[in-house]
Number of protein chains: 2
Amino acid sequence: MDKILSVAIEELMPDPTQPRKSFLDEEIERLAASIRARGILMPLRILRDEERRCWLIATGESRWRAARLAGLKTVPCIVVDGQPDEADLLADRVIENHVRHDLSAMDLARALAKLKLLKKCTSQQLAKELGISGAAITRAEALLSLPEDVQTLVESRAVPESTAYEISRMPDADSQRELAAAVADRRLKRDAVANAVRDRIGKRAVKPKAGRVVCRLGGGLSISISANDALDWTTIIEAIDRIRREARKLSDNGSEVQALARSLRAS
Amino acid sequence: MDKILSVAIEELMPDPTQPRKSFLDEEIERLAASIRARGILMPLRILRDEERRCWLIATGESRWRAARLAGLKTVPCIVVDGQPDEADLLADRVIENHVRHDLSAMDLARALAKLKLLKKCTSQQLAKELGISGAAITRAEALLSLPEDVQTLVESRAVPESTAYEISRMPDADSQRELAAAVADRRLKRDAVANAVRDRIGKRAVKPKAGRVVCRLGGGLSISISANDALDWTTIIEAIDRIRREARKLSDNGSEVQALARSLRAS
DNA sequence: TATTTCCCGGGAAATA
DNA sequence: TATTTCCCGGGAAATA
């Protein structure tokens, strides 16, 4: 049977014949955090390259990068035997890339609550170690506050997890039961539940930070001004003045109107 | 170093001290399909139970169930050494439960297209073998039809995958570029793009150009002017003059910037 | 630090 | 079979 080899980080390299991958730094950092906490659970799958005298990574390149970042010297690997062809390698990578959900929402909620107790840590610390978001922990734990009968509906998937989280924000068990029943009946979906909850508990003032003012001038004509940050009058008026000067100039030149966009981009 | 053991299916059992899991039949069936196609890529992690004289599954219960369904006699396993405590086991299961995205959207698209060629199969057959949805394959492949420069925006994640799919439904490259630029600029999100596309292709009696000029002034600031019909200079300049007068007036009044939209709508 | 909002990835079911 | 619609899971960033 195959052995698991402990291979030095620097003896491994990505397979050059495989499609180039792009890695998000924060994704690798999150994985590195869980490797620091628990090590590499699943061995990489590697191929021998006799010419280069090194190992090529068949699957697990992001684990390799994260392990390096985490300061590991070696990583566990399985040598892929036989002569896998390109289709096999591609198929394996796609399969590995894909999620497997072994835990139900309630299982996850209970596991996280237990972990917090056992490790005596905060939700955020736990999130970091496990490589999941703090928001996910908040939402999972909220499920445990639901009445038993509602939890049963979640367990049976009659009420989806994200809908159940919205329900958990209702202040009393009876309203929660009522909403859960409506969802199980397919009379309400998540977004409708979220709206019902907001009506009840009062909505939060949300202001988008990206500024945007849309001015409808009538007859279908409108001008919208947008920016990455909140807009102020100085920015708005300077912008309008710029576009006005340019429009007059181009109009006098006899340019066509699309030139307005081009000329402002260039300037 | 640890060995990979080939353990008979019936010598394995779920760890009774671990939280009960619920499994979706269709989830297990999908996994079984990929196991039939490519086998079990990642060994299960198991613990010895001396009392019961069998192995307990630490991680990989759904792979075990799927393997049974797929008719395998044995599965590859790694024996977890040492005395992992409950926190370790729970943490490992949560980590394993979690997604790792090794492939970018464009990488996935290219890998799927290549697999279809190599295996000479339909998208649906491929979906089944890989354990992903047919819809995902349709969407991934659509990305390959985008102009190079738009594909580059997707690769760099300036345009999200699902948004890029909506863009790919626009009938011509110029509209696609325009939408992609708006998304990269954060002027449009996915749902707005989807609506724009529906307006354009749903109404098939092609609505020839609603006039629109988008002026990027730099630093994220932009002004767009749009109308139901084609735009001409007179309309543009009159519109700009109106908004300019109003902006100056409201600015002098000390109003907040959103008043600009309201006051023009009223007038 | 914890919670909530926003919105993207992607599966199931409806549709072509 | 392929594509599109609908909507849930869950991360990032805003908010408390």
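I began at Leu44(B), which stands opposite Cys77(B) in E5(B). Strands here are DSSP runs of E with at least two residues, numbered from the N terminus, and two strands pair if DSSP finds at least two bridges between them.

A note on the ground rules: this is a predicted model, local features need pLDDT of at least 70, side-chain atom pairs count only at pLDDT 80 or more, and totals for chains, interfaces and linings use all residues. Residues are numbered from 1 along each chain as its sequence is written, chains are lettered from A and ligands numbered from 1 in the order in which they are written, and side-chain values use heavy atoms, with hydrogens and water left out.

Next I checked which strands flank E5(B). Strand E3 (residues 44-49) of chain B pairs with E5(B) in the parallel sense, over 3 bridges. E1(B) pairs with strand E5 (residues 74-79) of chain B in the antiparallel sense, over 5 bridges. There I found Leu5(B) opposite Cys77(B) and Val7(B) with Val75(B) as its bridge partner.

Then I looked up the whole sheet: 5 strands of chain B form an open, mixed sheet in the order E1-E5-E3-E4-E2. Its edges are strand E1 (4-8) and strand E2 (12-14) of chain B, each pairing on one side only.

Last, the cysteines. How many disulfides (cysteine sulfur pairs within 2.5 Å) does the structure hold over all chains? I found 0. Cys54(A) is buried (under 20% relative accessible area, with a 1.4 Å probe and protein chains only; exposed is over 50%, partly exposed in between), at 9%. Cys121(B) also counts as buried, at 16% relative accessibility.

Key:
A disulfide is a pair of cysteine sulfur atoms within 2.5 Å. Helices (H or I, at least four residues) and strands (E, at least two) are DSSP runs, numbered from the N terminus.
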